[in-house]
Amino acid sequence: MVKHLTKAREKGGRSKHSLIGVAIVVLILIPFVIESPYTIHLFIMAFVAVILGMTFTMLFSSGQISLGGAAPFAIGAYASALLTLNFKISFWLALPAATIITGILALGIGWVLCRHAGAAFVVLTMVFGLVIVQTVGQVEEFGGWGGLTSIPRPDTIANIEFVGKTPYYYLILFVLLIVILIYNAFYTSRFGRILRAIKLSPHLAQSLGINLFRYRLMAFVVAAIPAGIVGSFYAHYARAIVPDTFGGWASIRIQLYPVLGGLDYYILGPAVGAIIMTFVPEYLRITKEVEPIITGLLLLLIIVFFPGGVLGVIFRSGRAMSLSGGINKTRSWLIKKISG
Amino acid sequence: MELFAQLIVNGLALGMLYLLIVLGMDIIMRATKILNFAHGQIYMLGAFAFYFVYSQFGLGFILSLIAAGLLTGLLGLLLYLGVFHTIQKRMASGMPFSYRLLMSAMASVGLMMTLQQAAVLTFGSKERGIPNVFPQLLTIGKVQLPLARLMIIAVSLAICLGLYLLMYKTKIGKAMRAVSYDAEIASLQGISPTRLFCVSFAVGCGLAGLAGGIVAPVFSVTLDMGTGIIFMAFLVMVLGGMGSYKGAVIGAILTGLLLSFGYQFIGGLGQLAVFIIVIVVLTFRPGGILGKALD
């Protein structure tokens with residue numbers, strides 16, 4: 001989408017902007033049109049998945065692959081749930097508190113992890129994901145394997161009562177739009193360009209005076225914080241959380257979304273992937289038994305035949321994962337920096 | 001004293017098991033740069049192969065073990081040719097390393113899900129046990145030791161010795177090491193990287209199958225034995241240091257002993273303690289115990 005926004009600007013295409021406007025209006029109108037609470041629930045879960053997928057892409061834009069995407073999600077959920085249960089504070093205070101806690105923990109964990117890259121980073125993020133699950137499972141103060149139950153609903157705010165699905169829908173939609181705005185600003189800024197330069201070639205970036213560790217750490221924290229927010233939201237939406245929700249499979253699903261949608265599209269990719277992964281198995285009535293086979297085969301087929309993902313196929317840039325746009329732009333930026 | 005000896009034997013048996021799996025993943029990782037998440041499933045299929053060969057055809061323990069290793073090696077070869085080779089060919093030119101790593105890792109995750117669920121649908125969820133091949137206890141002085149665990153240690157040691165001879169004393173082993181060092185330069189010496197990638201993948205998967213075969217007569221053969229062990233195996237891999245065989249040995253045995261003593265003295269917290277030790281080690285030695293820090 002970043003690519004498209006810039007492209008749209010180059011071509012003077014206002015249509016892209018109006019398209020985004022229409023999409024937002026449609027999303028706002030959905031609860032008026034759709035009556036079934038279950039469909040609204042699916043939308044809410046899809047939005048949660050979209051945000052989690054975008055956090056993966058944020059980290060991936062610096063060339064780091066995380067297999068522990070569910071860890072900050074779990075930290076946010078548990079922090080928020082424990083704060084409201086133990087200290088009886090309101091959800092509206094617990095949400096920012098949980099976000100800050102996730103950010104601080106991500107800073108600490110990232111301080112250890114971001115010294116690694118490549119396969120070691122993949123494995124370490126996975127290990128940390130498991131550490132979080134084991135910690136909340138083994139320690140009784142965190143709820144144990146049975147999890148935490150009867151987490152309070154968000155308090156009534158500005159006459160909006162959190163009963164039914166609709167208020168939750170608007171809350172998560174609001175969070176989603178804010179995250180998209182902030183991430184878009186990150187991707188189009190110097191920060192985003194530096195991350196892409198690191199992905200293109202860590203050594204070259206380093207030779208230009210880019211501190212790899214610092215920027216990787218920043219990307220790590222920036223990726224963790226929205227996951228913490230969604231975690232807090234999820235805890236108070238589902239109102240019961242168990243450690244297994246945040247296990248290894250959850251992390252694997254999170255990275256499925258951007259791969260399915262298309263890795264070249266930083267915001268639209270995870271969105272498309274997450275929506276497909278949420279709705280298609282529901283409406284095809286695929287049972288739980290066959291679902292992993294279909295997901296697994298789908299993943300294999302996409303990677304082997306369409307590495308550009310769904311969007312890559314649609315926009316015809318699926319040719320061997322065309323990196324033409326982003327990478328070439330970054331390359332010319334690097335060359336410009338080298339030559340003066 | 002007896003408890004202590006038993007704990008050490010249990011820990012060593014567990015450690016050797018991890019070692020076989022980690023060595024397999026390491027060989028694959030170093031040669032082909034694929035992080036193989038489906039390795040746990042190969043291990044499980046190895047156990048099933050052993051079970052069927054042993055109980056249906058009535059072959060002896062050693063023959064069944066060899067059959068399990070060969071079958072999983074063949075499966076690995078097919079998987080490499082069918083899936084990973086296509087991906088690597090497509091990714092060969094000028095792709096950032098992170099893309100190649102992600103793509104092959106994701107493909108192996110897809111493979112993991114498919115193999116796992118296909119096994120669930122094929123074999124059903126009932127547990128299978130093989131009447132224990134080695135039920136006796138070995139008594140040395142006053143200490144009683146379970147013979148089955150000692151068998152795991154002995155057979156694993158034999159396999160590791162065989163692997164060492166293969167990697168360091170034969171021409172093909174030399175070629176495998178050359179390819180893992182630098183595939184392009186190796187190809188200048190007339191070594192075909194593709195062929196050696198196939199061999200490495202088959203050897204790695206065969207090792208997992210052998211590990212499954214060794215476990216089958218001692219523990220019961222279940223469907224989730226693969227998913228359980230793969231995460232611990234990755235942990236061992238980073239603890240010892242990626243791309244260091246000596247590190248893998250140290251990491252595996254250390255983890256096995258820690259788990260064995262941990263379960264005895266602090267229960268379920270033992271696993272958490274292992275995680276924390278790994279994190280502390282990695283904070284001070286980012287490359288693991290013997291590995292080099294990668295950038």
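Trainee: Which residues are exposed on the other side of α13(A)?
Mentor: Happy to start there, and do keep in mind that this is a predicted model, where local features need pLDDT of at least 70, side-chain atom pairs count only at pLDDT 80 or more, and totals for chains, interfaces and linings use all residues. Residues are numbered from 1 along each chain as written, with chains lettered from A in the order in which they are written. A residue is exposed if 12 or fewer other C-beta atoms, placed from the backbone, lie within 10 Å of its own, buried if 20 or more do, and partly exposed in between. On the other side of α13(A), the exposed residues are A:L301 and A:F305.

Trainee: Why do the buried residues of α13(A) line one face?
Mentor: The buried ones are A:P292, A:T295, A:G296, A:L299, A:L300, A:I302 and A:I303. An α-helix has 3.6 residues a turn, so residues three or four places apart point the same way. Seen down the axis of α13(A), taking directions from the axis to the C-beta atoms, the buried residues line one face because they fall within an arc of 165°.

Trainee: How many helices are there in chain A?
Mentor: Helices are DSSP runs of H or I with at least four residues, and strands are runs of E with at least two, numbered from the N terminus. Chain A has zero strands, and its helices number 15.

Trainee: What percentage of the residues of chain A count as buried?
Mentor: Chain A has 340 residues. The share of them that count as buried is 49%.
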